[in-house]
Structures are given as structure tokens and as C-alpha cells.
Amino acid sequence: MIVRLELLRLVRSRRPWIAAATVAFFLLLMLAGFYLYAENETGGAAEFRYTFENRSYFNGLTFALYSFYFGFLLVLPVFGALEGAAQIAGDASSGRLYLLLSRPLSRARLFAAKLVLSGTQILVLTGVLMGAGMLLGLVAVGWGSLDLYPGVLQMTDRHVHLGQDVALLRFLCAWPAATLALSVPLTLGFWISTFGRSPLNAAGLAVALYLVLYVVSEIHFFEDLRPWLFTSSMTFWRGLFRPDPEWGYLAREAAKLLGFALLFGTLALGRFRRREER
Amino acid sequence: MDEGGNTRGDALVRARGLGYRYGSRTALHDVDLELGPGEIVGLAGPNGSGKTTLLKLLAGFLRPAEGELLVLGRRPFRDAPRMLRDVRFAFAPPALLERLTAREHLRHLPAIGGPRPEPREIAATLSAVGLEERADESVAGFSFGMRQRLSLAQALLPRPRLLVLDEPNDGLDPLAVLELRALLLRLRDEEGMSVLLSSHLLLELGELVDRLLVLAEGETLFYGPPARLTGARAGVRLVVSDAGAALARLRARGLEVRAAAGGELELPPESLSLGEAHALLRDLGLESYRLHRPGLEEALLELLRARAGEGECP
């Protein structure tokens with residue numbers, strides 16, 4: 001029953017709609033960017049030139065993949081961290097945690113309900129970003145085969161060609177894989193939110209921590225740290241868009257991210273169960 | 001309950017030497033409390049006296065730093081879910097689920113760890129707190145008083161053995177205060193429900209409770225039937241023109257006397273007979289005297305003043 005109640009609260013809240021609106025705005029911005037670039041392209045940025053030299057490279061699937069990649073890097077982890085951080089601290093600051101915890105309900109069940117629902121929300125949001133990007137790409141540009149070239153996105157180190165059917169299947173696989181990666185900032189946000197009663201502080205700290213770790217994982221200077229950072233594995237799902245995915249690598253990276261998610265989730269639950277509600 | 005105000009039989013709440021600290025600050029120290037079946041116990045004290053801390057300990061939100069606390073035979077912090085099957089809380093200020101309606105609150109909250117209430121039960125409870133006409137409105141538009149009513153309503157479904165209310169009268173209009181009193185008395189008399197409520201409205205507590213626990217700075221200032229508190233403060237009030245001179249002369253006669261409110265002097269009732277009082281009137285130039293039994297508010301105020309060193313302890 002707590003799941004039903006939390007679902008009702010989530011559906012009635014503004015958070016999912018704000019997230020969806022942000023995703024829609026982001027996609028429109030990406031589309032405008034692609035068109036503006038194409039119009040103004042006069043031999044500027046070398047990496048992107050591949051995309052526009054031949055219109056067949058730039059189709060709806062390319063747009064969807066690039067949009068998803070950028071959205072995944074910037075928008076979704078922030079929403080994941082925010083969503084996690086809003087859960088415990090948000091209810092604590094408003095006093096609603098008293099209301100829920102004064103019912104015959106274990107803290108573990110309340111925690112699980114919140115985690116499952118926010119995880120589902122991230123899954124849906126990830127699907128919305130990917131699906132809406134593909135739909136927009138289909139309507140605005142049209143689908144076709146997926147051609148990728150080495151470039152600034154570091155999606156590939158050589159030309160990749162995937163037929164439309166294969167590419168759509170890879171998109172489908174990338175959805176849960178990306179959601180798994182996003183579960184780490186989500187559970188990190190949960191963990192941080194169990195330390196205080198201010199959702200703003202928790203959200204700020206969770207997002208800041210994620211961004212710092214992400215930047216650290218991208219800087220060559222910290223190369224030795226990369227294996228120990230979850231942020232260095234976040235975009236592992238890009239491996240699905242190789243002609244022959246390295247399944248072993250994908251499984252290892254997925255296991256690493258799952259391990260981090262379980263670690264943060266366990267720490268959050270342990271902290272929440274021992275925490276005093278002052 | 002016996003004559004001394006002690007609980008008979010199995011206590012629903014049993015606290016012995018209970019204490020809690022927020023860091024280095026002691027919020028509660030050495031508090032005893034018992035609440036038996038069908039009893040109403042009041043919790044009073046100034047702001048920061050430890051009332052809410054005590055209620056949070058009862059709810060299992062806090063872990064006692066000292067002493068022992070059992071609610072329905074269970075330790076709240078360790079075993080809250082099972083304990084809470086038969087205990088309901090309404091905390092202040094009332095925190096509600098903003099985008100849900102009043103009816104949805106009563107449909108979904110009681111179903112957490114319990115049976116889903118029947119629509120007629122929900123309707124009856126909404127009616128009991130006077131919210132039937134606003135039942136399907138989002139609580140985001142509710143006034144503070146309406147939130148208080150809904151907070152109470154959610155605590156009544158399903159019926160608990162022990163109801164704990166934190167400042168339930170706050171924000172209620174006078175009629176609603178009377179209705180709440182009638183409701184609590186009916187729940188006690190007809191259903192044997194036990195109630196623990198904290199309130200700043202001492203007049204209301206005096207009308208309602210079997211026993212009163214008064215806290216000040218986290219410690220027990222008084223624990224017992226309210227009549228014992230007011231009775232202990234009863235005395236003979238002397239109305240005098242020169243309080244200072246009269247006080248000195250009375251003390252010179254070996255009488256235990258203290259300054260009371262309004263420039264009057266007060267003696268314990270057993271300290272002088274009627275004849276002696278008349279003699280005092282003649283000898284000391286007293287204007288009048290009367291037997292004075294203070295109300296709960298006055299008695300509590302004097303108790304607090306005595307604790308703060310502004311008067312003498314009883």
C-alpha cells in the first residue's frame with residue numbers, strides 16, 4: 001500500500017512533469033542546434049563536419065543518439081541525483097516523514113518503495129528522452145541506417161555502420177543499460193539525503209559530488225583513479241553501438257555500476273534505519 | 001487508577017527514568033510516565049520543556065539516551081512497526097500529503113500496514129471532525145484548523161488503543177475545541193481508548209485529563225491528577241495595604257507566608273485557624289482574607305516561578 005500511496009504522490013507532484021518538460025526543451029534545443037549548424041556550416045568545427053558532409057550520415061537515428069548522449073551526460077544524472085536527494089530529506093523537512101513513519105511500516109519498506117518508484121521514474125524519463133528523440137528525429141529528419149564516425153563524442157574510433165533494424169535493437173538495449181548507470185547517482189542522492197533534513201542541501205551536494213567525480217573521471221591527470229570511479233563507467237552503454245559489442249566489457253561495466261548502486265543503496269538504507277527523526 | 005493517580009493493571013505506556021539529549025543539551029531527564037487503558041493523560045509545560053521530544057520518543061523517532069520506555073510492551077525505536085499497529089499519532093504542526101484530498105488521506109494512510117478502511121468508516125470519520133463537505137478537496141487549500149482536523153481524523157483510522165495528540169487544539173475555533181473534547185471523552189468512555197495529549201491550553205487539559213505531566217527544561221515538575229496540583233497550591237490569601245510590613249510581621253510570628261500575585265500574601269490553609277485569621281485582621285491591619293484555590297494555569301505558573309527561583313517551592 002505504501003507503493004500505491006507514493007505513486008499517487010509522485011503522479012500528483014510536479015516533479016515528473018518538470019522533468020518531462022526539461023527533456024522536451026532539451027530535444028528541441030538539440031534539433032535547433034543541428035539545423036542552425038547545418039545552415040551556418042562553412043567549414044568550422046572539423047568533427048561535426050562528418051555529420052553534414054553527407055546528409056545520409058545525419059538522420060533521425062543519429063540525432064536521437066547524439067541527443068540521448070548529451071542528455072545522458074548532462075540532464076539525466078542531475079535529475080537522478082535530485083530525485084534521490086528529494087526523497088528522505090524532502091519528507092523530513094516537510095514533516096511528512098513523521099506522518100508516514102507513525103504508521104505500522106518498517107523503514108526498510110518505506111525506503112524500498114521510494115527507491116523503486118524513483119528508479120521507475122528514472123527508467124521512464126530515460127525512455128522518454130530516447131523515444132522522444134527518435135520520434136523527433138523520424139518526423140524532422142527521417143530514419144535510415146546509423147553511421148557514426150570518430151569525433152568529439154568519442155562514440156567510436158572508426159566508421160561504424162549499423163542497419164536500421166540493428167540500430168533500433170541497440171537503442172532498446174541501451175535504455176535499461178543507461179538506466180542502470182543512472183541508478184548510481186540516484187542512490188548516491190538517496191544516501192546523501194539520509195544525512196540531513198534539507199532537500200536543497202542534499203540535492204546540491206549530490207549534484208556537486210556527481211559533477212566533481214565526472215570531471216575527475218574525464219581528466220587525464222586522474223587516470224589512475226578512473227577504475228575506482230563510477231562516473232568513468234557511466235557511458236558504458238555506448239559500447240552497444242559498435243558493430244560487434246564487447247559483451248564482456250559491457251557486463252563488467254554494468255556489474256561495476258550495479259555494485260556502486262547497491263553500495264550506495266545499502267549505505268542509505270542502513271543510515272535511514274538508524275537515523276533519529278528529530 | 002488509584003487515589004494517588006497511579007495506573008492499575010497493564011500500562012500501555014511505561015517510562016522509567018527516561019532521558020534524551022540533543023548533542024550536549026539535555027532535552028529530557030529522568031521522566032516517569034504511566035498510561036493505563038482508558039486513561040487520558042495530559043502533557044504540559046513551556047516551550048522547549050521536552051513535550052515534543054517525549055512524543056517523538058513514544059513514536060520511535062528517537063532512541064532514548066537513558067531510562068526505559070515501553071509502549072504496548074515494546075521498545076518504540078527498535079520495534080516501531082509492530083507497536084504502531086495499535087498506536088496513532090497526530091503531530092504538530094500537522095503535516096499532510098499536499099496534493100491528496102482529505103478522503104484520499106483516510107483511504108490510503110490507514111491502509112499502510114492495516115486493512116483498507118470501508119467508505120462508510122471514512123465518511124463517518126470525516127463527519128466526526130467536521131470535514132465531510134471538504135472531503136474531496138486537495139488539502140493544499142486547507143486552513144490550519146482544517147489540517148488539524150484531518151490530522152486527527154487520520155489518527156482515528158483504524159481505531160487505535162492509544163491515541164497520541166500533539167497540540168490538537170492549535171488553530172481550532174472554540175466550538176471545535178469543545179467538539180474535540182467531547183470526541184476524546186466519548187472515545188475513552190465508549191471505546192476504552194487511551195489518550196496522551198500535549199497542549200498549551202491548560203484550562204482544556206484540566207477539563208479532560210485524568211493525570212497531568214508537567215515538564216520544565218526536560219524534567220518532571222509535576223505528575224499526578226490536576227486536582228492535586230491546584231489543591232497543593234490552595235491557601236489563605238491576605239489582602240493588605242502594606243505587603244512588605246505585613247510579610248515581616250507574619251514571618252516574625254513564625255508563619256510560613258509568601259508573596260502572591262497582585263501584592264497579596266498567601267499562607268498555607270492549615271497554617272492558621274479562622275479565629276487566628278480574624279485576630280490577624282485586627283492586629284496587622286489586614287483589609288480582608290479569603291480561601292484561594294488557583295486554577296490550573298495559575299498553579300502551573302506558580303510552579304514554574306518557584307522552579308525559576310521567583311517564589312518558594314510548595
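**Notes on a sheet in chain B and a helix pair in chain A**

1. Starting with chain B: three strands make up an open sheet, ordered β2-β1-β4, and they pair antiparallel. Edge positions go to β2 (25-35) and β4 (66-71) of chain B, each of which has a single partner strand, so one side of each is left without a neighbour in the sheet. From one strand to the next, the twist averages 30°. Keep in mind that this is a predicted model.

2. Now the β1-β2 pairing in that sheet. Strand β1 of chain B covers residues 13-22 and is joined to β2(B) by seven bridges, with the two running antiparallel. If you want a spot to look at, B:V13 sits opposite B:L35 of β2(B).

3. Over to chain A, where helix α5 (residues 76-94) packs against helix α8 (residues 164-193) at an angle of about 30°, the axes being 7 Å apart. Angles under 35 degrees count as roughly parallel, and α5(A) and α8(A) are therefore roughly parallel to each other. The crossing of α5(A) past α8(A) is right-handed.

4. Who makes that contact? On the α5(A) side the residues include A:L76, A:P77, A:G80, A:A81, A:L82, A:E83 and A:G84. From α8(A), the contributors include A:L182, A:P185, A:L186, A:L188, A:G189, A:F190 and A:I192.

Technical notes
Residues are numbered from 1 along each chain as its sequence is written. Chains are lettered from A and ligands numbered from 1 in the order in which they are written. This is a predicted model: local features need pLDDT of at least 70, side-chain atom pairs count only at pLDDT 80 or more; totals for chains, interfaces and linings use all residues. Two strands pair if DSSP finds at least two bridges between them. Helices (H or I, at least four residues) and strands (E, at least two) are DSSP runs, numbered from the N terminus. Axes are lines fitted to C-alpha atoms, for helices over the stretch in contact, and angles run from 0 to 180 degrees between N-to-C directions. Angles under 35 degrees count as roughly parallel, over 145 as roughly antiparallel, 65 to 115 as roughly perpendicular and the rest as oblique. A crossing is left-handed if the near helix is turned anticlockwise from the far one by less than a right angle, and right-handed if clockwise. Two residues are in contact if their C-beta atoms, placed from the backbone, lie within 7 Å.
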